[in-house]
Every structure is written in C-alpha cells, then in structure tokens.
Amino acid sequence: MNHWTEDSDDQDPEQTLVRPYTITHGRTTSARDDLTLITVIATVPWPAEQPVTRGLQPEHRLILQQCSRPVALAEVAAGLNLPVAITKILIADLIELGGVTARPPLAIAVGAGPDMNLLQAVRDGLLRL
C-alpha cells in the first residue's frame, strides 16, 4: 500500500509530494542526528490507561506495530513505503513521546564487527524502496 500516492496513473505529479510533507507537519529533517539506516527501533511497552497512539498520524501507529520486535530503521521505511528522511522524522517523534527506543545494532554497540545478516536485511529493505 502506497501511503502517499493513489494507485492512479493520471494523478498530478505535484500531489505525490504533498503527503510526506503533511505527515511531518512541514518538517524536512529529523531533530535527531543519531538515527541511521541500521539503527534498531523497538516499541516500548505502554500502560493501557495512557495510550501513546492518541493524536498520532496513522504512520506513527504503523511504526509502533511494525516495531513490536526490534527492526532496523531501513526496514521500517520500506514497510511504510516512505522515504528514509520522512521515517526518521516520525521515529524521532515517537522517541520523544517514549513510544519507541533507538539503539545501534548490538554487534556495533559492543565493538564487534557488523552483523552480515543485518546488513543484508538493510540492503534488501533499501532495494524495496
């Protein structure tokens, strides 16, 4: 499902850029510079009486669902069918609200070499974009 264009070939090309701009409320860059393609995003358990989803964009909710298990940021962007820059902005929103956490992949965080399976998954996610 494409979240920012309709499945119509006769749509005005200028309209295809309006949706991401709307999703981010006009923001074009993330306030966080630590989010990379291989940053691992995971949903934080949230008390039922205080749902983190109140007032969020549908894309924010999709990120929360998608990150119920740790997922690389590139995979999140591919799953949303949105540009990585837009996805970074949405994830930064959720980090600020306490809905998700972001961390480097464990192998990199502890000083070991990169996980080739993770790098392959990131590459595959980027190819789907």
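Predicted model: local features only at pLDDT ≥ 70, side-chain atom pairs only at ≥ 80, totals over all residues.
**Entry 1: the α2 and α3 pair**

I began with helix α2, which covers residues 58-66, and helix α3, which covers residues 73-80. Their axes lie 10 Å apart, and the packing angle comes out at about 125 degrees. Angles of 65 to 115 degrees would count as roughly perpendicular and those over 145 as roughly antiparallel, so I logged α2 and α3 as oblique to each other. I also looked up the hand of the crossing, and for α2 and α3 it is right-handed.

Next I wanted the residues behind this packing. On the α2 side I found Glu59, Leu62, Ile63 and Gln66. They meet Glu75, Val76, Gly79 and Leu80 of α3. Sorted by type, the residues of this contact give 4 nonpolar, 2 polar and 2 charged.

**Entry 2: the nonpolar cores**

Which residues touch the most other members of the largest nonpolar core? I got Ile63, Val76, Ile91 and Val100, in a core of 21 residues. Helices α2, α3 and α4 are the elements that each give two or more residues to this core. The largest share is that of α4, with 7 residues.

Two of these names were already on my page: Ile63 and Val76 are also in the contact of α2 with α3.

A reminder to myself: in soluble globular proteins, nonpolar side chains tend to be buried together.

**Entry 3: His60**

Is His60 buried or exposed? I found a relative accessible area of 4% for His60, and buried means under 20%, so His60 is buried. The residue sits in helix α2. Again leaving out neighbours within four places in sequence, I listed the contacts of His60 as Leu90, Asp93 and Leu94.

**Entry 4: Asn81**

My last stop was a backbone check. Asn81 has a positive phi, about 60 degrees, although this residue is not a glycine. Where is Asn81 placed? I traced Asn81 to the loop between α3 and α4, the latter being residues 84-97. The relative accessibility of Asn81 is 27%, so I put this residue down as partly exposed.

Conventions. Residues numbered from 1 in each chain as written. Heavy atoms only, no water. Axes fitted to C-alpha atoms, helices over the stretch in contact; angles between N-to-C directions. Helix = DSSP H or I, 4+ residues; strand = E, 2+ residues; numbered from the N terminus. Parallel < 35°, antiparallel > 145°, perpendicular 65-115°, else oblique. Left-handed = near helix turned anticlockwise from the far one by under 90°. Contact = heavy atoms within 4.5 Å. Nonpolar A, V, L, I, M, F, W, Y, C, P; charged D, E, K, R; others polar. Buried < 20%, exposed > 50% of the residue type's maximum accessible area, 1.4 Å probe, protein only. Core = buried A, V, L, I, M, F, W, Y, C linked by side-chain atoms within 4.5 Å.
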